[in-house]
Amino acid sequence: MNLIDRFRDIVGAKNVLTDENDMQGFVTEWRDKYIGRARAVLLPRSTEEVAALVRLCAETKTPIVPQGGNTGLVGGSIPFSGGDEVIISTRRMNRVREIDRLNGTLTVDAGCVLADLQAVAEENGFIFPLRIGSEGSCQIGGNISTNAGGVQVLHYGNTREQVLGLEVVLPDGRIWDGLTGLRKDNTGYDLKQLFIGAEGTLGIVTGAVVKMYPRPKYQQVAMAAVPSVEAAVEFLGLARKLSGDQVTAIELIPRICIDMVVKNVPAISDPMPARYPWHVLIELSSSATPDLAGLMEAILAAGFEQEIVLDAVIPASGAQQAMLWHLREEISAAQKPEGGSIKHDISVPVSRFADFIREADKAVEKIVPGFRSVAFGHIGDGNVHYNPLQPADMDKDAYLSRWPEVSRVVHDIAVRMRGSISAEHGIGRLKIDDLPRYKSPLELDLMRRLKQALDPDGIMNPGKLLK
């Protein structure tokens with residue numbers, strides 16, 4: 001019996017895709033930057049089926065690409081062009097296994113779509129605070145494997161802080177059951193942390209226990225115009241101080257991003273009454289302060305007084321608040337029609353946020369005169385999505401050919417400021433050649449030793465994260 005038939009015996013014939021047309025959506029990155037080939041796409045329904053597939057792959061030394069919603073931005077879930085890899089997709093594994101209201105946890109399959117998980121938490125009077133633009137299609141297993149961030153990291157932390165337990169199929173097909181809802185367990189190495197952010201190179205996450213938080217009774221959003229990035233950072237400190245740290249999200253949005261969204265996304269209009277260079281989208285949440293509108297007004301008034309706020313809009317309804325967040329979430333998609341964009345996912349200390357953007361703009365201008373600076377992101381945790389856009393009169397392919405040169409100077413600036421070249425998107429294929437420049441030999445040696453210990457045959461997502 002050949003390998004494909006053995007896969008069919010495990011998951012059923014209809015859950016083994018081998019036709020190139022059927023596999024197209026699995027082998028193509030949503031931005032079309034990476035397009036690969038696969039021997040087959042495998043669609044298991046349970047952890048036991050995943051384990052059986054992995055055991056067979058281990059026996060035959062067949063390389064595996066684990067895949068969730070395929071919404072990643074660094075090519076980590078896309079196979080190479082050789083056609084020898086199989087994709088194991090968790091999209092059929094979408095059960096909510098347990099809701100523990102007293103413990104404030106959900107136990108879920110890895111294939112649960114993030115928005116569905118958020119809805120289950122809401123239905124039970126809680127929230128799951130991971131909020132990212134792809135939440136309607138990304139899966140929690142992928143979020144865990146990339147340690148996704150999002151807009152509420154400032155208040156709740158990134159995915160790593162939301163996970164209490166994991167279930168993982170190891171590269172030899174054994175199942176590690178670490179599905180504990182414990183907040184304290186001091187019995188040795190915290191094994192789950194090995195797999196969070198490992199991009200599927202150490203095993204396949206098949207289940208998780210994640211935290212739920214009490215749903216805030218009150219929320220208030222505002223968009224404030226500010227004269228500079230420095231002013232935006234000062235405004236963050238002011239808002240946290242005056243609110244008693246009730247800031248749950250705060251985002252930097254430059255004018256160019258508003259213009260692109262209004263131009264390229266239907267039914268979104270400019271929320272500001274006049275044009276300003278920089279904007280801050282801020283959210284307050286509380287269960288104890290009913291008059292958040294009054295608190296927001298007081299924060300903005302203090303900002304006006306200190307001349308770090310130029311203008312502001314406070315939505316009058318939940319729908320208007322949602323529209324402001326919709327504008328923020330559409331920034332990435334709105335860039336695509338504007339031409340080539342050399343994307344960076346940088347983190348620096350919050351105190352260096354403005355310094356980074358200023359220095360990066362100067363450096364890129366020397367390489368590509370007339371480029372359009374697109375720098376937005378999460379002020380509260382120092383995460384800058386720095387995506388220099390091609391000059392309007394430049395050929396797209398010619399611009400994108402400068403990607404290595406541009407990224408080198410941008411990453412050098414970030415690391416010089418004690419920052420990171422990947423805040424929340426991971427390494428994948430996109431940054432694998434950059435990692436040795438910025439990780440110490442000792443760090444890389446330790447990472448390779450872990451990889452060798454768990455995956456000695458190198459079948460789990462080869463060519464991603466580590467060479």
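Helix H8 (192-195), helix H17 (435-438) and helix H18 (441-454) each contribute at least two residues to the lining of the second largest pocket; helices (H or I, at least four residues) are DSSP runs numbered from the N terminus. The model is predicted, with local features needing pLDDT of at least 70 and side-chain atom pairs counting only at pLDDT 80 or more, while totals for chains, interfaces and linings use all residues. Residues are numbered from 1 along each chain as its sequence is written, and side-chain values use heavy atoms, leaving out hydrogens and water.

On a 1 Å grid over the protein atoms alone, a pocket is an open set of points where a 1.4 Å probe fits, with protein on both sides within 12 Å along at least five of seven lines, and lining residues have an atom within 4 Å of a point. The second largest pocket holds about 760 Å³ of space, a volume being the space filled by probe spheres set on the points. Its lining comprises 31 residues, and Gly 197, Ile 427, Lys 439, Met 447 and Leu 465 lie nearest the centre. H18 gives the largest share of this lining, 5 residues.

Cys 112 is buried, at 4% relative accessible area, where buried means under 20% (1.4 Å probe, protein chains only). Cys 257 is also buried, at 0%.

His 411, in helix H16 (residues 403-416), is buried at 2% relative accessibility.

Conventions. Buried means under 20% relative accessible area, exposed over 50%, partly exposed in between (1.4 Å probe, protein chains only).
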